[in-house]
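Hi,

Here is the structure I promised to pass on. Have a look at it first, and my notes on strands and charges follow below.

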Amino acid sequence: MSVVNYMRYNATTGRIISSGQCVDSDFSLQAREGLTVIKTDMLINDAKYYMSDETITEKAEISATWNAETVAADGTAEIILSTLPTPCIVYIDGEAVSVEDGSLEFSTSAVGHYHIRVDEPAFLEKEWIINAV
């Protein structure tokens with residue numbers, strides 16, 4: 001009874017969903033609707049890798065930067081997160097915002113801390129905390 005490594009991924013986005021081990025005779029049981037499952041040489045860390053052209057590929061770092069880490073909570077002042085992957089989804093306190101041009105303009109009228117996160121399949125997840133004062 002041999003053990004095999006496997007991984008499940010979304011063939012459309014390249015995002016690796018999970019990896020694991022099973023006995024070879026149970027490999028076919030690892031299939032899930034909407035996902036592709038393949039055998040791998042080792043367990044794959046989905047936080048560090050994605051699928052690109054049917055190849056397990058290391059994720060790149062996001063080079064995006066803010067022009068400031070604090071914004072006035074007056075509803076008009078804004079700070080900008082630039083050089084984002086294009087297109088991408090940015091999560092502001094868990095709410096998805098689509099970014100098509102590589103820049104996110106952020107403003108708010110509420111004082112507080114805001115968690116900004118980018119989690120794209122080809123990039124390492126990155127998060128910032130922005131203060132609105």
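Strands here are DSSP runs (E, at least two residues), numbered from the N terminus. Before I go on, note that this is a predicted model, where local features need pLDDT of at least 70 and side-chain atom pairs count only at pLDDT 80 or more, while totals for chains, interfaces and linings use all residues. Residues are numbered from 1 along each chain as its sequence is written, and side-chain values use heavy atoms, with hydrogens and water left out.

Back to the strands. β4 (residues 49-52) and β5 (residues 55-58) pair in the antiparallel sense over four bridges; pairing means that DSSP finds at least two bridges between two strands. Met51 sits opposite Ile56 in β5.

β13 (residues 126-132) has two pairings to look at. With β7 (residues 70-71) it runs parallel over two bridges, and Thr70 is opposite Asn131 there. With β12 (residues 112-118) the sense is antiparallel, over seven bridges, and Arg117 faces Glu127 in β13.

Arg117 turns up again in the charges. I searched the whole structure for salt bridges (a side-chain nitrogen of Lys or Arg within 4 Å of a carboxyl oxygen of Asp or Glu) and got four. Arg117 bridges to Asp119, with the closest N and O atoms 3.6 Å apart, and to Glu125, at 3.8 Å. Shared partners join Arg15, Arg117, Asp119 and Glu125 into one network. As for cover, buried means under 20% relative accessible area, exposed over 50%, and partly exposed in between (1.4 Å probe, protein chains only). Asp119 is therefore buried at 18%, whereas Arg117 at 23% is partly exposed, and so is Glu125 at 47%.

Another salt bridge joins the side chains of Lys39 and Asp24 (2.7 Å, N to O). The pair links distant parts of the chain, 15 residues apart: Lys39 belongs to β3 (residues 36-40), and Asp24 to the loop between β2 (16-23) and β3. Lys39 is partly exposed at 44%, as is Asp24 at 33%.

And which residue lies in the loop between β10 (95-99) and β11 (104-106)? I mean Glu100, which is exposed, at 56% relative accessible area.

Cheers
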